[in-house]
Amino acid sequence: MKVCYLCGYEINGNLDPRNPASKTMDHVKPRCKGGKQAGNLRPAHRICNITKADRYPVTDALKSECADAYRQTKAFRKVKGRRGPFLKRAGEFCIGEAR
């Protein structure tokens with residue numbers, strides 16, 4: 001499963017492309033600021049991509065803003081309800097889970 005490079009949460013590739021939590025490919029360095037196509041694309045949620053807009057470089061504050069935007073989506077709340085109180089980010093473990 002792909003992980004959004006902006007917020008760190010998993011991306012469901014099966015969502016309708018219009019869904020805010022759907023997968024997009026984001027230009028790390030925006031094309032309007034001289035970014036090229038090759039080697040400059042990373043997977044991101046649509047809402048995170050929209051939140052980032054043409055800001056560069058990607059800072060921790062921007063990543064936090066993207067995570068907040070993603071947590072407001074219905075897709076996040078749906079998954080959160082099925083997995084319990086915490087939704088894991090990539091590389092994180094839930095309480096009581098084997099490492």
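Colleague: What makes the span of helix 2 close to what is expected?

Modeller: In this predicted model, helix 2 covers residues 60–71, 12 residues in total, and reaches 16 Å from its first C-alpha to its last. At 1.5 Å a residue, 16 Å is expected, and the span is close to that.

Colleague: Which residues of helix 2 are buried, and why do we say they line one face of the helix?

Modeller: The buried ones are Leu62, Cys66, Ala67, Ala69 and Tyr70. Seen down the axis of helix 2, they fall within an arc of 160°, so they line one face.

Colleague: Now to helix 1. Why is Thr51 called buried?

Modeller: Thr51, found in helix 1 (residues 46–52), has a relative accessible area of 17%. Buried means under 20%, so Thr51 is buried.

Colleague: Which residues is Thr51 in contact with, leaving aside its neighbours within four places in sequence?

Modeller: Those are Leu62, Glu65, Cys66 and Ala69. Leu62, Cys66 and Ala69 are also among the buried residues of helix 2.

Colleague: Which members of the largest nonpolar core touch the most other members?

Modeller: Of its 15 residues, they are Cys4, Leu6, Cys7, Tyr9, Cys48, Cys66 and Tyr70. Helix 2 and helix 3 (74–83) are the elements that give two or more residues to this core, and helix 2 gives the most, with four.

Note on methods: Residues numbered from 1 in each chain as written. Predicted model: local features only at pLDDT ≥ 70, side-chain atom pairs only at ≥ 80, totals over all residues. Heavy atoms only, no water. Expected span 1.5 Å × (residues − 1). Buried < 20%, exposed > 50% of the residue type's maximum accessible area, 1.4 Å probe, protein only. Arc of directions from axis to C-beta. Contact = heavy atoms within 4.5 Å. Core = buried A, V, L, I, M, F, W, Y, C linked by side-chain atoms within 4.5 Å.
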